[in-house]
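Hi there,

Here is the structure I promised to pass on to you. Have a look at it first, and then read my notes below.

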Amino acid sequence: IASISLILEGVILDLTQAKIRMQVRRSDTSDFTVLDLTSTEGGIVIVDEPGGEFQIAGRNLDIPSGSYVYDIEVITADSKVRTVLRGTWKINQDITQ
């Protein structure tokens, strides 16, 4: 499990009383989520609130191969929603048999 530390514009993002959510979809306009993780319902663990550090819990996923889009949002204690990470996630078909 890798940790992610949030530093925005040179300042550590304090995660005290924050919530984090991550969604993965086929496209940014898709209504269907392939993966939906939160720090309140599981899948994301805040490990150092003042240090801005969190982890995405390890898990086995049954997601078809293809290209997906994802983002991670932080809802801070003052209810501001910030998209802190976004990108494309490519899943390749398993090769080893």
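Let's start with Thr76, which sits in the loop that joins strand E8 (66–75) to strand E9 (81–91). Strands (E, at least two residues) and helices (H or I, at least four) are DSSP runs, numbered from the N terminus. Before going on, please keep in mind that this is a predicted model, where local features need pLDDT of at least 70, side-chain atom pairs count only at pLDDT 80 or more, and totals for chains, interfaces and linings use all residues. Residues are numbered from 1 along each chain as its sequence is written, and side-chain values use heavy atoms, with hydrogens and water left out.

Thr76 is buried, as its relative accessible area is 11%; buried means under 20%, exposed over 50%, and partly exposed in between, with a 1.4 Å probe and protein chains only. Setting aside neighbours within four places in sequence, Thr76 has contacts with Leu13 and Ala18, where contact means heavy atoms within 4.5 Å.

Another threonine to find is Thr16, in the loop between strand E3 (11–12) and strand E4 (19–25). Thr16 is partly exposed, with a relative accessible area of 31%. Not counting residues up to four places away in sequence, Thr16 touches Glu49, Pro50 and Ala77. From C-alpha to C-alpha, Thr16 and Asn60 are 29 Å apart in space, and 44 residues separate them in sequence.

Next comes Arg25, in strand E4. Leaving out residues up to four places away in sequence, the contacts of Arg25 include Tyr68 and Val69.

Finally, the sheet. Four strands form an open sheet in the order E5-E4-E8-E9, with antiparallel pairing; two strands pair if DSSP finds at least two bridges between them. Strands E5 (33–38) and E9 are at the edges with a single partner strand each, so one side of each has no neighbour in the sheet. E8 and E9 pair in the antiparallel sense over 10 bridges, and one of the residues to look for is Gly66, whose bridge partner in E9 is Ile91.

Enjoy exploring!
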